[in-house]
Amino acid sequence: MVLCALLLLGFTLVEIADVLCRNLRRPWLNANEFAAGFFVWGVFLGMGVAVRRDQHFRLTALAETMRGARRTLVETFNRLVILGVALSMVFFGYRNYLNGFGSFLMPSLTPIAVLYAAIPVAGGLIALFTVEELVNGWRHGFEGTGKALTDPSHLPIT
Amino acid sequence: MDTNSIAIIVMIVTFLYLGYQGVPVAFALMAGALVTTAFFTKISLPSIVGQMFNGVNQLEFLAIPFFLLAGDMMTQANITARLIRFAQALVGHLRSGLAHVVSISSMLFAGISGSMTADVAAISTVVMPHMEEEGYDPAFSAALVASASTIAAMVPPSIMAIVYGAVGNVSIAGLFLGGATPGLMVGVGLMVYSYLFGPPGMRKRRPTFGELMGATRPALLPLMIPIIIVGGVASGVFTPAEAGMIAVVYIIVVLLPLMARGHFRRLPRDFMEAAVLYSLPMSAVASASAVGWLMAYLGAPDIVHGWIESVSGDNRVVIMYLMVVVLTIAGDFLDGVPAIAIFMPIIISLSQLGHIHPVHMGVLIIVSLAFGLITPPYGLILLLSSTLAGVSFARALRQAVPLYCVYFLVISVIIFFPNVVLWLPRLILPTSVGCFPSPSGSGYICPP
């Protein structure tokens, strides 16, 4: 979470520097590359953090109305789906990352792989946090793990 | 039924099944896309995962974190309360005074954060307790707060407008300016409804000029934020992202030292919260982009295009009403941001069929999606406000139904009178709606 905040701070500073340089008639040509880098990494690392904090938007909180074995079954199934998507992000994202060395960001000619790398890294984090939730859930039960759907801090930005 | 149609149905059913099972939307969407790709297409799976990256790697999106950070800082530093006091001084003495305060406050706060959720949370906690003291039915308060908060989706700096502009390659400045009039119409419509049919509340005396000035002065500096954002973007001096950044800098350098010095200690926490908050809609956009791209590959826009064309021909009005129905239903089940990314290929195709101006269509889509968030079976924003008001969703819904008239009216006005949307962009930033300078050197020539 601290890393996400630092990325947002970095991104803010890059935008400030970009506007200042432009107004001083010395445009900073790489500003957009840096801003896009901070932004993309922030999005995908934030995606992982949101899994840990159980903050992602859900259509229903069906599982939270259940108890006992049924709840364990549904919660396990849901997390296995997340785990599957996360592992796809790791595996296929890594292949994109390798391909990314053939394309370049302009004007610095940095391989676009530096941005593509955010997806497998995020996938790894999501997989890690999901396994942690699964193990904790199996050991201590899933009751109390879900956040109230209507808590403002756990709603999507609409 | 051909393979592509089956693939589209499998993708939608997978998403809905997983979504209603409780899998987060971003992952349910991605799971649907991966399953469909693996079993029904020859597309490589890395390219589907790569679409997640392409979905968020757009410079226009850089504005979103700044607006969320600005809204969060304003709420946490309690500066929002000054806007509400200002609204109270303006309209609090009228019949249904507090109901008007909700509408005005929503319009003011919407101009800062662009987020409906932030709006509901900020207004509910400050105004709802007073409404209850004055005898307002909490269900009515919940319905009104939810309805008024949808203004945030329409007026600048609407997050939906940023996403729509980025995904659909439409001028964001044009959408900002075009959405201002419908947002104002919804706000005024809710005030008129409350005045005529709402609970009377406690009548208060009209504030004296001194009292009015006393409430205006503390609100003046926060009210500069919408002016900075709209003025900067509309004048072409800043991009939306730069305008958002300047709003954040303005809050940190001007507002906090003057109004909430103690809040500086909490700034790192604001950054941390905003950093996670902006990743939530963006991760949904990343997955929705993969789904939207796959939908386009499978020919979904052509299927829907053919279906709507068979009903409407190229009648602009019928096409737009059908889109309102489709997107209001979509807004019931999906957050507006991913819905835009999923439906964009279809929207573009139908805009071309009906020769509809992209900014006109964009504003209509945004209003429809916002409306979907307060309609059953799953109006997310109404659900949030009903919980904050401590009433059941069903009770809040009963109070919200009459308020839908305001939306029907606004949507119909938008459809029948495109200039309601287009007049302001044409007046302030003509190039944002496709106008070009007249060769004679005076004025602009605009497409019909």
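Predicted model: local features only at pLDDT ≥ 70, side-chain atom pairs only at ≥ 80, totals over all residues.
Select Asn78(A) to begin, a residue that lies in helix α3 of chain A, where helices (H or I, at least four residues) and strands (E, at least two) are DSSP runs numbered from the N terminus. Asn78(A) is buried, with a relative accessible area of 3%; buried stands for under 20% relative accessible area, exposed for over 50% and partly exposed for what lies in between, with a 1.4 Å probe and protein chains only. Show its surroundings and you will find that Asn78(A) touches Gln21(B), Gly22(B) and Val23(B), not counting residues up to four places away in sequence, a contact being heavy atoms within 4.5 Å.

Residues are numbered from 1 along each chain as its sequence is written, chains are lettered from A and ligands numbered from 1 in the order in which they are written, and side-chain values use heavy atoms, with hydrogens and water left out.

**Chain A**

Stay in helix α3 (residues 68–99) of chain A and select Thr76(A), which is buried with a relative accessible area of 13%. A polar atom of its side chain lies 2.5 Å from the backbone oxygen of Thr72(A). Apart from residues up to four places away in sequence, Thr76(A) touches Leu134(A), Trp138(A) and Phe142(A).

Now colour the whole of chain A by element: there are five helices and two strands, and from the N terminus on they run α-α-α-β-β-α-α. Buried residues make up 50% of the 158 residues in this chain. Of the contacts in chain A with a separation of 6 or more, 70% are between residues 24 or more positions apart.

Between the strands β1 (104–105) and β2 (110–111) of chain A there is a loop that holds Pro107(A), and the peptide bond joining Met106(A) to Pro107(A) is cis, with omega about 5 degrees.

Leaving aside neighbours within four places in sequence, Phe44(A) is in contact with Met89(A), Ala118(A), Ile119(A), Ala122(A), Met52(B), Phe53(B) and Val56(B).

**Chain B: a glycine and a helix beside it**

Move to Gly178(B), in helix α11 of chain B, which is buried with a relative accessible area of 0%. Gly178(B) is in contact with Val363(B), Val421(B) and Pro425(B), once neighbours within four places in sequence are left aside.

From Gly178(B), draw a distance to Pro156(B): the two are 22 residues apart in sequence and 9.2 Å apart in space, C-alpha to C-alpha. Pro156(B) is joined to Pro157(B) by a cis peptide bond, with omega about 0 degrees, and Pro157(B) is in the loop between α9 (151–154) and α10 (159–168) of chain B.

Most residues other than glycine have a negative phi, and most peptide bonds are trans. Select Asn78(B), in the loop between α4 (63–76) and α5 (80–91) of chain B, where phi has a positive value near 65 degrees.

End the tour at Ile12(B), Met295(B), Val326(B), Ala330(B) and Phe343(B), which lie nearest the centre of the largest pocket among its 23 lining residues. The elements that give two or more residues to this lining are α1 (3–21), α2 (25–40), α14 (267–297), α15 (300–312), α16 (316–333) and α17 (336–353) of chain B. On a 1 Å grid over the protein atoms alone, a pocket is an open set of points with protein on both sides within 12 Å along at least five of seven lines, and lining residues have an atom within 4 Å of a point. The volume of the largest pocket is about 580 Å³, that is, the space filled by probe spheres set on the points, which are joined across faces, edges and corners. By class, its lining has 22 nonpolar, one polar and no charged residues, where Ala, Val, Leu, Ile, Met, Phe, Trp, Tyr, Cys and Pro count as nonpolar, Asp, Glu, Lys and Arg as charged, and the others, Gly among them, as polar.

Technical notes
1 Å grid on protein atoms, 1.4 Å probe; cavity = no way out; pocket = protein on both sides within 12 Å on 5 of 7 lines; lining within 4 Å. Polar contact = N/O pair within 3.5 Å; in protein donor to acceptor, adjacent residues only side chain to side chain.
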